[in-house]
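Look at the model below and follow how its parts meet one another. The text begins with one pair of side chains and then moves on to the surfaces around them.

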Amino acid sequence: MKRSTLVDYIIMVILIALGILMLLPFLWMFFTSLKDWGEIFKFPPTLFPSKVRWENYSELFQMAPVWAWFKNSMFLSVMSTIGVLVSSSIIAFAFAVINFKGKGFWFSVLLLTMMVPFHTTMIPQYILFRYLGWINTLKPLWVPTFTGAPYMIFLLRQYYRSIPQSYLDAAKIDGASFWHIFKNVYVPLSLPVTVTVGLLTFINQWNYFLGPLIYLNDVNKMTLTAGLSFLQGQSFGYWNYIMAGATIAVVPILILFLFTQKFIIEGIMLQAGIK
Amino acid sequence: MKNTKASKIENIVGYIFLSPWLFGLIFFGLGPLLFSIFLAFAEWDLIVPPKFIGLGNFINLLQDDMFWKSFRNTLIFSFSVPIGTFLSLLLAYLMNRPKGIFSFLRSIYFLPSITPAVANTVVWVWLLHPTVGVVNFLLKKLFLINGPNWLGDPNWIIPSLIIISVWGGLGYDIVLFTAGLQAIDPQIYEAAEIDGANKWDVFFKITLPLISPTTFFVIVTSFIWSFQVFDISYIATNGRPDEHSLTIVYYLFQNAFQYFKIGKASAISWVLTAVILLVTYIEFKLEKKYVFYGEGE
Amino acid sequence: MKLRFLSTLLIILLLIVPLGAQSKVEILYMRWGDLKEIEVEKKIVEAFNQSQNKIFVRLESAAWGAYWQQLQNRIAAGNAPDVMLISGAYFIDLASKGVFLDITDWMDKEINIKNYYYTPDVCEWNGKKYAMVRDIHLGGVMYYNKDLFDKYKVRYPDWTWDWNKWLDAAKKLTIDENKDGIPEIWGLYIPTWGEGGLYPIIWSAGGEILTKDKKTCVIYSNPKSLEGLKFMYDIRYKYKVCPSESFMQGLADPFMTGNFAMTTGLTSFIVGYKKLPFRWGIAPIPSGPAGRYMTANQLSLAIYSKTKYPREAWEFIKFAVGPKGQEIMGKEHQAIPALKTKTRVYFDEENIKPALKIFELYEKGQLRSLMFTPSWLEWNNMLETTLGYAWQGKVDIEKAAKTAEERVNKILKEAWDKLNK
C-alpha cells in the first residue's frame, strides 16, 4: 500500500513539473505583452515585466483594426466548425458503416489528400479561386469546409467503427434507413467525439494564418492571428503588440476549451445512460 | 434476390452520404492536384506556359545533395511520432481519474496547442540556449553534465526539434486519448476486477486493445504531419536552416517561392507524398492485425 | 405601365451617369510592410489621388512573410498588381522572366537619374530599365551604446577609426565581471549575413565576394577576401570581443539587448531603436586595410508587364519617387528617400544626424550594391549557412570558405547557364 502512494506522489510531481513547462510559453506571451519596449529584448530574457505597461493593449487597438480582425476570426471559425461538423460526420458515417463499392479506394484517396503538403497545391488553388472571383474575400477559407475535412473524417470514422455492431444490426432488423440510424443512433452515441471535433476545428481555423495572408489583400479583412503578422516588419517586429494581440486571441479559445471539456465529460456520463 | 437489391441500395446511399466530399474533391481538389502532378514533370517560371520535361526534375532530385539531406533530416524527425504517441498515451492514462485536478492539468497541457507557434518556439529557443538556457543550467546543477549546444550542434538540432514538437503535441493527443479512454464502458473493468485480473493485465489486454482505434489514428496522422513539418524548423533556425536542419517541406518552400523552381518543387512534393503513402499503407496493413473495433469480451 | 416605364428609364439613367463620370482609371499598387509602414504608404497614395482626378490608386498590402508568395500566386493567376514594390533579391529573377514592363524610354526621358541614389542592380536588366528606385538603406553602419562608452570611459567612434582602434575599443568594452568565462558586456557584434556586416568587412579588407562579371565567387580564391573572413573569425575566437554564433541563438537583435557596446547593421534598424532605454549613436564602419566600405541597397517600383494601364502606373511611380512622395516617406520615417534633396528629411533627430555624412561616400563608390544576380537568394543562403560552421567555431575559416565557394559557384553557374540558353 505504502509503495503505491509513493509512486503516486512521484507521478504527481512529474505531472505538475510538466504542467509548469506547458505554462511557460503562455506566461511568457502574456508577460511580454505587458513589457516596456526596451525590456522585451533583454538578454538573458526576463519572465516578469519590471514595469507593467497596460498601454500596450490600448496602443494595439489604435494601431490595428483589432475589433474587425476579431469579428472576421469569429465568422470564419464558426462557419468552418458548422461546415466541418455537418459534412464530416455524414461522410465518416459512410466510410465507417455503409458498405458500398469502391469504399476502400475512396478512403485511400481521402488519406492521400492529407499527405499532399499545402504548398504543393497553393498556386493551382489560387488560380482556381481567382477564376471563381473569391480572391480578397473570406470564401476560400470556409466554403471548402462544407465538403469535409479529411483529418476529422478520419477521426470520426475511427470512432463510429468502435460503436458495437449490435446497434447497427438491431436497427437494420427494425427496418430503419441509414439516415435514421445515423441521426438517432450514431450521432447521440458519439457526442464526446463530435464536440471534440467541433472544438479542434474551431481552434485550427482560429489559429490558421497562412490562408488569410495569401488570399486577402486588405489589412482590415484579416483575421486576428493573420493580422498580427502585420506587426512583424522586414527588420524587426513589434513584439509587445504582437504578444498583446496573441493574448487577446487566446482568451476565446481558452474559454471555449474549458467550457467544452466540462461538456465532454458530462456528455460521456449522459451517453452511458443512453446505452 | 433480396441481397443484391439491398446491396444496390446500400451502394447508392453510400455515395449519397459521400457526396459532399466527392463534390469538394472534384471541384476544389481535382484540378489543383492534377495540375500539380503535371508540374512535377515540367518546368515553370510563372509567366511562360509550363514546359514539359519528362523525368527531368526527378533525375535532378536524385543528384541533389540538399534534397537527400532534407529527406534524412525529415526521416529522423519522424521519430517524434512513436515518442509522442507513447508519452501522450501514458500521460492520458495517468490523468484519467475523476478528481478535478486532472481535468485542470489537462487544460494546462492543452495550452501549447492554442499558444501561437511563435511563442512556443521562441521560449524553447531560450530554454535550449547553450550557455544561459535553463535546460543546460539544470543539467549542470542537478546532474553535473555539460549540456550540448542543442540548436547549434548538427547532431542535436533534430533531436531538439523533436523535443519541441513532442512537447507541443502532447496536450492535443492527450485530449484524443482521453476521449477514447473515457468511452470505455466501466462495466468491462468491473467484470475484469471480478475475474481477478491485475493492473498490468487490465492495461495490456483490455485498455490498449480498446483504444487501439484512437492510437491508430494518432500514429497515422502524426506521421503524416511530421513528414510535413515546416513551422518549427523555420522559427527555431530563424529562417535560416542549414543542411542539418532543413526539412523536405522547407526545401520545397524554398524552391517554389525563393528559387522560382516550381516544377522541381512539385516533384519534391510528390516524392514526399509517395513516401508518406507507402508508410501509411504499411500502417493500414498492420491495422488489420492490431486494431480492434467494437466491444471486448 | 407609365410608372414602370419611367422607373426603368430612371434606373437606366442612373446606371449610365456614373459610367460617364467614371473616366477615372483604377490601378492596383501592392507593397509589404508592418502597420506603420502601410499607414505612411496610404498617405503617399492619398496625396497622389488628390493631386489629380484621372487616376485612382488602390493600395493593397501583404505581410512581409507572405508578400512574395502572394505575388507569385497572382502572377501565375494573371491578376498581378499594376505597380509592385520589388527588392533586389527578387528583381533579376522576375525581370528576366518578363514580369515587368520595359520602362527604359520613360525613365530616360522623364527622370533625371543624377538626382537620385541609383543602383542599377535593382532597376536594370539586359540593358533595359524595368524599375525605378524608391528608397535607400545602408548596411554595415555602426551603432554604438553611448551609455556603455561613458560608463567605461571609452571615446566615441569617429571617422578616424581603423580596425586597430576598433579592436582596441572592443577589448576595453568586453567585460566579464563575475569571471565565469562569459562576458556580460560584449564589445562588438558583426552580423554574419552579407548586408549587415559580412560584405562590408570583406570589401574593407580589399577582397571581393564575386568577380566583376558576377559569375564566379571568389571568397576563398581571393586572398584579401580570406583576410576579411579571418577578421570576422578572429574577433570571435582570437580577440574574443564578439560571441560565437551559437551564443547568438535566440538573440534577434543584439544591439537592443543593451549588452553590446557596438554592432553593425542596417539603417532600417533606426525605427526600432528609437525607443531604446539607453543613449546610442551612429557612426560609419571603421576603415579596414583597403578603406571603408558599406552596402547600399534600394527598393524599387516596377510595373506589371501585362498591365492595362501602363502610362497611369508610370504617373504614380513618378509621384512616389518625386519630391512630394519622397517628402512624406522621409518625414514619417518610413524609409530613407532615394531622391538626394529629400534624404536629409529622414535624419531629423540629433543622434542620427551623423549618418548623413556617410551618404557622402556614395559618389566615391564606397557604398556598394549587394551584387544581385539570378538565383541570388539561393547562393546567399548557401554562402551564409556554409560559413556558419566557422562562425560557430566548428570548422576553421579557410575550410569553410573553400566549401562555400565551391557550392556557390555551382549555383551561380547553373543560374547563368539557364539564362543564356
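Contacts within and between chains

In this predicted model, the side chains of C:Lys274 and C:Glu349 form a salt bridge, with 3.1 Å from N to O. To place this pair, consider how chain C is divided. Its domain assignment gives domain 1, made of residues 23-134 and 297-363, and domain 2, made of residues 138-296. The C-alpha centres of domain 1 and domain 2 of chain C are 31 Å apart. The contact between them draws on 17 residues of domain 1 and 19 residues of domain 2.

How much area is buried between domain 1 and domain 2 of chain C? The value is about 1,500 Å², and carbon and sulfur atoms account for 63% of it. On the side of domain 1, C:Asn297, C:Asn351 and C:Ile358 supply 37% of the area buried against domain 2, more than any other three residues. Two salt bridges are counted between the two domains of chain C, along with four residue pairs in polar contact. Helix H15 of chain C, residues 355-358, gives the most to the domain 1 side, with three residues. That side of domain 1 divides into nine nonpolar, five polar and three charged residues.

Next come the contacts between chains. The size of an interface is often given as the accessible area lost when the parts come together. Between chain B and chain A, about 7,600 Å² is buried, with 79% from carbon and sulfur atoms. Which residues of chain B supply more of its share than any other three? They are B:Phe17, B:Trp21 and B:Phe28, which supply 11% of the area that chain B buries against chain A. The contact takes in 82 residues from chain B and 87 residues from chain A.

Two salt bridges cross the interface of chain B and chain A. A salt bridge joins the side chains of A:Arg157 and B:Glu287, at 3.5 Å from N to O. Nine residue pairs are in polar contact across the interface of chain B and chain A. Several helices of chain B each supply at least two residues to the side that touches chain A, among them H1 (2-40), H8 (154-182) and H14 (262-290). The largest share, 19 residues, comes from H1 of chain B. By type, the chain B side has 60 nonpolar, 17 polar and five charged residues.

Chain C also meets chain A. Here 32 residues of chain C and 31 residues of chain A are in contact. Together the two chains bury about 3,100 Å², 61% of it on carbon and sulfur atoms. In chain C, the residues that lose the most area to chain A are C:Leu35, C:Asn73 and C:Met256, together 20% of what that side buries. Zero salt bridges are found between chain C and chain A, while 11 residue pairs are in polar contact. Elements of chain C that each supply at least two residues to this side include helix H2 (35-51), strand E2 (55-62) and helix H3 (64-77). Helix H3 of chain C gives the largest share, eight residues. The chain C side is made up of 16 nonpolar, 11 polar and five charged residues.

Finally, consider one residue of chain B. B:Gly239 sits in the loop between helix H12 (231-236) and helix H13 (248-257) of chain B. Is B:Gly239 buried or partly exposed? B:Gly239 is partly exposed, because its relative accessible area is 25%. Not counting residues up to four places away in sequence, B:Gly239 touches B:Tyr234 and B:Tyr250. B:Tyr250 is 11 residues from B:Gly239 along the chain, and their C-alpha atoms are 9.8 Å apart.

How values were computed. Residues are numbered from 1 along each chain as its sequence is written. Chains are lettered from A and ligands numbered from 1 in the order in which they are written. This is a predicted model: local features need pLDDT of at least 70, side-chain atom pairs count only at pLDDT 80 or more; totals for chains, interfaces and linings use all residues. Side-chain values use heavy atoms; hydrogens and water are left out. Contact means heavy atoms within 4.5 Å. Buried area is the accessible area (1.4 Å probe) that two parts lose on being put together, summed over both. A salt bridge is a side-chain nitrogen of Lys or Arg within 4 Å of a carboxyl oxygen of Asp or Glu. A polar contact is a pair of N or O atoms within 3.5 Å; within protein, one must be able to donate a hydrogen and the other to accept it, and residues adjacent in sequence count only if both atoms are side-chain atoms. Helices (H or I, at least four residues) and strands (E, at least two) are DSSP runs, numbered from the N terminus. Ala, Val, Leu, Ile, Met, Phe, Trp, Tyr, Cys and Pro count as nonpolar, Asp, Glu, Lys and Arg as charged, and the others, Gly among them, as polar. Buried means under 20% relative accessible area, exposed over 50%, partly exposed in between (1.4 Å probe, protein chains only). Domain bounds come from an automatic or database domain assignment.
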